Amino acid sequence: MAYDPTNIFAKILRGEIPCDKVYEDEYALAFHDINPQAPVHTLVIPKGEYVSMADFTADAPAELITGFFRAVGKVAEELGLVEAGYRTLANAGTNAHQEVPHLHIHIFGGKPLGPMLDTQFSS
Ligand code: AMP
């Protein structure tokens with residue numbers, strides 16, 4: 001899937017629309033989700049044009065991959081989530097209901113989060 005530079009996270013990265021920023025460095029930007037699904041619900045996005053985990057891990061420079069995942073860890077730490085625990089999640093594609101086609105890792109925390117998925121698996 002080709003990267004669409006008009007997606008909303010691309011606009012946030014370019015400063016065209018605001019976000020509730022939590023953290024930023026040369027590799028990543030983190031901001032609170034506009035529609036939180038937990039007491040803490042933060043998104044971390046890489047600074048680069050990547051749709052999802054597949055193209056990011058295949059095509060991004062190693063320094064960006066390292067920097068991005070370090071940022072995810074730092075954000076969880078700075079949000080005070082490490083001791084009680086938290087969940088990270090990255091949706092990719094249709095089956096995962098990815099809404100925004102710019103790689104993002106959700107960080108959820110602030111309460112017991114229940115089972116990993118809210119539906120029972122059935123074939
Ligand atoms: P996903 O379904 O994994 O693509 O998740 C996209 C997430 O982006 C959803 O949780 C939305 O609530 C969130 N979102 C969409 N627009 C914004 C925005 N302008 N600022 C912050 N979060 C947003």
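In what order do the strands of the open sheet run, and is the pairing parallel or antiparallel? The order is β1-β2-β3-β5-β4, with 5 strands and antiparallel pairing. This is a predicted model: local features need pLDDT of at least 70, side-chain atom pairs count only at pLDDT 80 or more, and totals for chains, interfaces and linings use all residues. Residues are numbered from 1 along each chain as its sequence is written, and side-chain values use heavy atoms, with hydrogens and water left out.

**The sheet**

- Strands here are DSSP E runs of at least two residues, and helices are H or I runs of at least four, both numbered from the N terminus.
- Two strands pair if DSSP finds at least two bridges between them.
- β1 (21-24) and β4 stand at the edges with a single partner strand each, so one side of each has no neighbour in the sheet.
- Neighbouring strands are turned by 20° against each other on average, direction ignored.
- A hairpin joins β1 to β2 through 3 residues. These two strands pair in the antiparallel sense over 3 bridges.
- E24 stands opposite L29 in β2.
- β2 (residues 28-32) also pairs with β3 (residues 40-46), antiparallel, over 5 bridges.
- Across that pairing, A30 stands opposite V44, and H32 has T42 as its bridge partner.
- In β2, 4 of the 5 residues are buried. Buried means under 20% relative accessible area, exposed means over 50%, and partly exposed lies in between (1.4 Å probe, protein chains only).

**Helix α3**

- Contact means heavy atoms within 4.5 Å.
- G80 follows α3 and has a positive phi, near 75°.

- H104 lies in the loop between β4 (86-89) and β5 (105-109).
- Why does H104 count as buried? Its relative accessibility is 6%.
- H104 touches F9, L43, V44, I45, L89, A90 and Q98, leaving aside residues up to four places away in sequence.
- The H104 side chain reaches the backbone oxygen of H102 at 2.6 Å. A polar contact is a pair of N or O atoms within 3.5 Å; within protein, one must be able to donate a hydrogen and the other to accept it, and residues adjacent in sequence count only if both atoms are side-chain atoms.
- A polar side-chain atom of H104 lies 2.8 Å from a ligand oxygen atom.
- Of the 16 residues around the ligand, D33, N91, E99, H104 and H106 come nearest. A residue is near a molecule or strand if one of its heavy atoms lies within 4 Å of it.

**Y3**

- Y3 is found in the segment before α1 (8-13). Y3 is buried, with a relative accessible area of 17%.
- The side chain of Y3 makes polar contacts with the side chains of H102 (2.6 Å) and N7 (3.1 Å).
- Y3 and Y50 are 47 residues apart along the chain, yet their C-alpha atoms are separated by 6.4 Å.

Key: Axes are lines fitted to C-alpha atoms, for helices over the stretch in contact, and angles run from 0 to 180 degrees between N-to-C directions.
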